[in-house]
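Please open the structure in the viewer and keep the selection tool at hand.

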Amino acid sequence: MARVLRQDEIITLLKKVSLFEELPEKALVELATYCRYREFGTKETLFHEGDDGHMLYILISGQVSIQRVSERGEVVHIATRGEGEQFGELSLLDGKTRTADVVTEEVCRVLTLSREPFLEWLERSPEIARQLLASLASRLREATDRTFQYRSHSVMGRLCTEMLEWVIKHGVADPAGGVRIALKMTQQQMAERVGADRATVNRMLSTLKSMGAIDRRDGFWIVLKPDRVKRYSEE
């Protein structure tokens, strides 16, 4: 049975989301009445490409992968969304179908907002409308940067760029030295993120490890020499 949160609990969660954190209390109270709380397990699909876009998702905890499947059946990673971020807003705004699949990478806690009440609330909240536009613009830039990276960088360059981003988002000091990427990820998942096959990524990881730039401990990747990883990210 799905857990039901009190309104004050939902308001507390909304305050942790960058899109809503500066809202006045009155607006948060109104928004909270439209929100529904849900929990998802690891590797659950929240929606598929082509589904109707009738829901906005606000990620309270956990991480999801936004991806598409090519005609050849290959999974193409588009982006990752984490705690405090929203997704699904594009279809919510234009009324068209979903442009990608969204799959949880770990246990996720989310708030959902249905399309009609959200759009009505948005019309009364011009500040949030401006922030939402800024968020969409930021993601357009992200997509443009990723397209440039795929066309101008080698697999090694793309892999090292991703690793540096993981260090920023998930890096913690490792007791044995270096920075641990506190995110368990298979080589297949890493390959999907850099647009390469698993065998190629495996070779790149082996190369970085042999040079002493990274290591593998207890199922986690450790970055030992960020400067060297950064240098290869420019390839």
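How far apart are N and O where the side chains of R6 and E9 meet in a salt bridge? Select R6 and E9: the N to O distance is 3.8 Å. A salt bridge here is a side-chain nitrogen of Lys or Arg within 4 Å of a carboxyl oxygen of Asp or Glu, and the count by this rule is 11. This is a predicted model, in which local features need pLDDT of at least 70 and side-chain atom pairs count only at pLDDT 80 or more, while totals for chains, interfaces and linings use all residues. Residues are numbered from 1 along each chain as its sequence is written, and side-chain values use heavy atoms, with hydrogens and water left out.

Next, select D174. Its side chain meets that of R180 in a salt bridge of 2.9 Å, N to O. R217 also forms a salt bridge with D174, with the closest N and O atoms 2.5 Å apart. R217 lies in strand β11 (residues 214-217) and D174 in the loop between β9 (171-173) and β10 (179-181), so the pair ties together parts that are 43 residues apart in sequence. Strands are DSSP runs of E, at least two residues, and helices are runs of H or I, at least four, numbered from the N terminus.

Finally, select Q187, Q188, M190, A191 and V194 in α7, which meet R198, V201, N202 and L205 in α8; contact means heavy atoms within 4.5 Å.
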